[in-house]
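Take a first look at the chain below.

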Amino acid sequence: MSKRFALILLLMVLTTACSSQVTVLTPQAEEVQSTLPVPLNTMETAPTATATPLTLTATEQALPIPTLDLICLGAPPPHIGVGQEVQVMVEDSDKLKLRSERRTSSDAVKMELAQFTMLKVLEGPYCVHSDEAGTSFWFWSVKVIPSGETGWVAEGDLSHYYIEALTPVTTAIPTALTCVGVDAPRIAIGQQVTVVTEDTDKLKLREIPVMSPDTVVRDLDKFTKLNVLDGPVCGYSKETSIYYWLWKVEVLPNGEIGWVAEGDFFHHFVE
């Protein structure tokens with residue numbers, strides 16, 4: 001009886017299983033729709049704003065100065081201007097190249113310029129990147145004096161300037177051009193400021209906006225009053241390897257004119 005009962009029970013289980021309804025899980029209609037390809041002619045897309053990244057595709061590419069928010073990486077800030085007469089400062093052992101185009105390749109070289117050659121600045125500057133040198137340069141269009149030969153020269157690198165102006169820059173470089181590592185200027189043309197550096201480390205009054213020992217006119221005592229006349233110009237010091245905002249000022253009350261640095265990484269020289 002036990003075997004017969006077991007067989008009958010097994011038969012009942014199989015019969016029940018075969019007659020049971022199998023439930024199949026199916027995704028919702030909206031889920032199926034989202035996975036199906038949508039014909040292109042039925043798509044409606046809202047316009048989106050996309051930013052096009054700035055890429056330099058050529059080995060050397062010139063950028064005009066109006067794009068002042070761009071930094072010319074590897075080049076010191078421009079310290080000359082159109083219309084100025086400048087002098088070649090590069091040693092004769094490593095002469096400055098006058099180029100037919102604003103390119104650093106050897107096939108663009110027109111001639112070499114001896115030290116102390118005089119040039120008239122015609123146009124510029126343009127930021128030119130060189131893959132060969134692994135850096136960038138500000139390039140200016142110049143005319144050689146007195147021969148009249150025209151071409152392009154690089155202004156300098158982070159080690160030194162290749163050309164120097166005989167007269168100070170008359171038009172300040174716009175502050176939108178970043179002075180590397182320096183905070184935004186805190187003073188402005190027309191203001192009266194006071195020298196706040198200690199007498200033990202006096203602020204230098206300079207003849208022109210160039211950070212070198214030979215441009216120093218004299219030291220300024222603490223609490224000296226100054227009228228701000230022009231600026232700022234971004235200047236680089238080889239001695240300290242630091243950039244500075246330089247301002248043209250009038251010393252009160254004697255009326256002496258010169259240039260002073262606003263400050264450095266750590267503190268301001270004038271307030």
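The paragraphs below start with the whole chain and then turn to its parts.

This is a predicted model, in which local features need pLDDT of at least 70, side-chain atom pairs count only at pLDDT 80 or more, and totals for chains, interfaces and linings use all residues. Residues are numbered from 1 along each chain as its sequence is written, and side-chain values use heavy atoms, with hydrogens and water left out.

Begin with the chain as a whole. Its secondary structure comes to two helices and 14 strands. Helices (H or I, at least four residues) and strands (E, at least two) are DSSP runs, numbered from the N terminus. Of the 271 residues, 37% count as buried. Buried means under 20% relative accessible area, exposed over 50%, and partly exposed in between (1.4 Å probe, protein chains only).

Now go inside. The largest nonpolar core has 27 residues. Such a core is a set of buried Ala, Val, Leu, Ile, Met, Phe, Trp, Tyr and Cys residues joined through side-chain atoms within 4.5 Å. L203, L220, L226, V260 and V270 touch the most other members. Strands β10 (203-206), β12 (225-237), β13 (242-252) and β14 (257-261) each supply at least two residues of this core. β13 gives the most, with eight. Beyond its neighbours within four places in sequence, V260 is in contact with residues including L203, L220, L226 and W245. A second, separate core has 26 residues, among them V88, L96, V128 and V144.

Why is strand β6 (residues 135-145) largely enclosed by the rest of the structure? Nine of its eleven residues are buried, so the rest of the structure largely encloses β6. Two strands pair if DSSP finds at least two bridges between them. Strand β5 (residues 118-130) runs antiparallel to β6, and ten bridges join them. Here L119 has V144 as its bridge partner. Four residues lie between β5 and β6 in their hairpin, and G134 in the turn has a positive phi of about 70°. On to strand β7 (residues 150-154). β6 and β7 pair in the antiparallel sense over five bridges. S141 has W152 of β7 as its bridge partner. This hairpin also has four residues between its strands, and G148 takes a positive phi near 85°.

Finally, look at the charged side chains. The whole structure holds nine salt bridges, each a side-chain nitrogen of Lys or Arg within 4 Å of a carboxyl oxygen of Asp or Glu. R186 sits in the loop between β8 (163-165) and β9 (192-194). At 52% relative accessibility, R186 is exposed. The side chains of R186 and E271 form a salt bridge (3.5 Å, N to O). E271 lies in the segment after β14, so the pair ties together parts that are 85 residues apart in sequence. E271 is partly exposed, at 44%. The side chain of R186 also makes a polar contact with that of H268 (3.0 Å). A polar contact is a pair of N or O atoms within 3.5 Å; within protein, one must be able to donate a hydrogen and the other to accept it, and residues adjacent in sequence count only if both atoms are side-chain atoms.

Methods:
Contact = heavy atoms within 4.5 Å.
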